[in-house]
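Have the sequence and the 3D view ready, and try each task before reading its solution.

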Amino acid sequence: MTSQASAKLPTVHDLIAAIPSPTLVIDRAEKVVTLNDAAEVFLGKSVAGRHFTTAFRHPKLVEAVELGLLDRTPRKVSYQIVENGSDAFYDVHLRAIGDSGLLLLSFQNATGLAQAEQMRRDFVANVSHELRTPLTAVTGFIETLRNSARNDAEARSRFLSIMAGEADRMNRLVGELLTLSRVEADERVRPTVQLDLRDVLQATLRNLGTLAQERAVSLRYDPGQGPLPVIGDSDQLLQVFTNLVENAIKYGGADQSVEATARKIAHDPVLRGPAIEVTIADHGPGIDPIHLPRLTERFYRADSHRSRELGGTGLGLAIVKHILNRHRGRLRITSQPGQGSQFTVILPPDSGDI
Ligand code: ADP
């Protein structure tokens with residue numbers, strides 16, 4: 001006899017015990033015959049041998065079990081429960097086990113998918129809202145120019161300049177949305193170019209010199225000692241520092257200074273190794289600590305009114321976060337209301353082994 005022929009066939013219980021997702025079997029008498037460990041955790045230990053409604057009472061699922069025991073047709077039911085205080089979504093698959101009269105139920109966690117779907121809906125709602133505000137303003141001014149302000153040269157020029165500002169805002173928003181989508185698409189592709197972060201920082205400060213002058217902000221730069229080698233995408237890193245320095249200039253306020261400081265550190269606890277840290281510090285109003293954990297979410301603003309007034313889109317820090325993820329780096333934000341903010345970019349240094 002071969003060892004295969006001598007092996008004992010597994011029982012239904014052995015089989016479902018080997019399935020990682022919550023699974024249970026119900027018989028014709030509507031009792032739970034057996035359930036695996038995952039299902040015990042999920043539905044409770046005491047349900048084995050009892051009527052299946054001891055395990056769940058969701059009307060759609062109860063109906064599907066009753067029908068499944070009668071007609072043996074495969075079914076799928078969506079099931080929502082509260083797990084650890086938050087909503088969890090499951091797809092429950094119902095299948096008859098041959099002609100045994102038993103019905104197998106397997107629960108697949110679909111919470112991640114449901115959350116992704118919700119995020120997509122929120123994103124579309126946010127984008128629509130962000131575009132609608134300037135569009136409503138432009139439409140209103142067009143109406144006024146056609147009617148009451150038709151022959152008023154002074155009002156016409158004032159309204160046209162407001163309309164140009166609103167059009168700029170829409171343009172910026174669309175530009176940043178495209179950047180965000182490109183950056184997200186690239187996130188899993190590791191950068192390959194060896195570069196010196198000092199060049200990127202210098203280019204950033206050069207590009208923003210005029211903006212700083214216009215706002216009477218003095219830009220200071222301390223590159224630390226020696227080169228700052230990283231493997232990176234220089235355009236994307238330029239974007240990171242541009243967004244941070246621009247925010248520091250915008251929110252830091254006139255007649256203040258903005259400092260960019262770089263240093264090498266021997267051990268970063270999160271990167272678990274050496275790191276390059278670049279801090280962009282301003283001396284503006286700072287940010288209330290309750291906002292800090294959410295600042296890199298798309299469209300999240302600590303001070304909506306001020307952000308909109310300064311032409312912000314609420315996407316700059318989300319772009320920063322995605323670019324740093326791609327570079328295996330991170331962003332640390334510290335701030336005390338009334339004492340300015342510090343945005344620190346932490347990147348792994350180029351170890352030279354690429
Ligand atoms: P925005 O286009 O609104 O500036 P960001 O994503 O760049 O969007 O920033 C998100 C929010 O974080 C801003 O709306 C602002 O409330 C806050 N913020 C960012 N940088 C600073 C800073 N240097 N000082 C104070 N608040 C800041």
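**Exercise 1.** Work out how many nonpolar, polar and charged residues the lining of the largest pocket has, then find where they come from.

*Solution.* Step 1: by class, this lining holds 12 nonpolar, 13 polar and 10 charged residues (Ala, Val, Leu, Ile, Met, Phe, Trp, Tyr, Cys and Pro count as nonpolar, Asp, Glu, Lys and Arg as charged, and the others, Gly among them, as polar). The model is predicted, with local features needing pLDDT of at least 70 and side-chain atom pairs pLDDT 80 or more, while totals for chains, interfaces and linings use all residues. Residues are numbered from 1 along each chain as its sequence is written, and side-chain values use heavy atoms, without hydrogens and water.

Step 1: the space in the largest pocket is about 730 Å³. Among its 35 lining residues, Asn247, Lys250, Tyr251, Ser307 and Leu317 are the closest to the centre. A pocket is an open set of points on a 1 Å grid over the protein atoms alone, where a 1.4 Å probe fits, with protein on both sides within 12 Å along at least five of seven lines; lining residues have an atom within 4 Å of a point. A volume is the space filled by probe spheres set on the points, which are joined across faces, edges and corners.

Step 2: H9 (234-252) gives the most to this lining, with seven residues. Helices are DSSP runs of H or I with at least four residues, numbered from the N terminus.

**Exercise 2.** Which residues lie nearest the centre of the second largest pocket?

*Solution.* They are Met119, Asn126, Thr296, Glu297 and Arg298, out of 13 lining residues. H5 gives the most here, with four residues.

Definitions and conventions:
Helix = DSSP H or I, 4+ residues; strand = E, 2+ residues; numbered from the N terminus.
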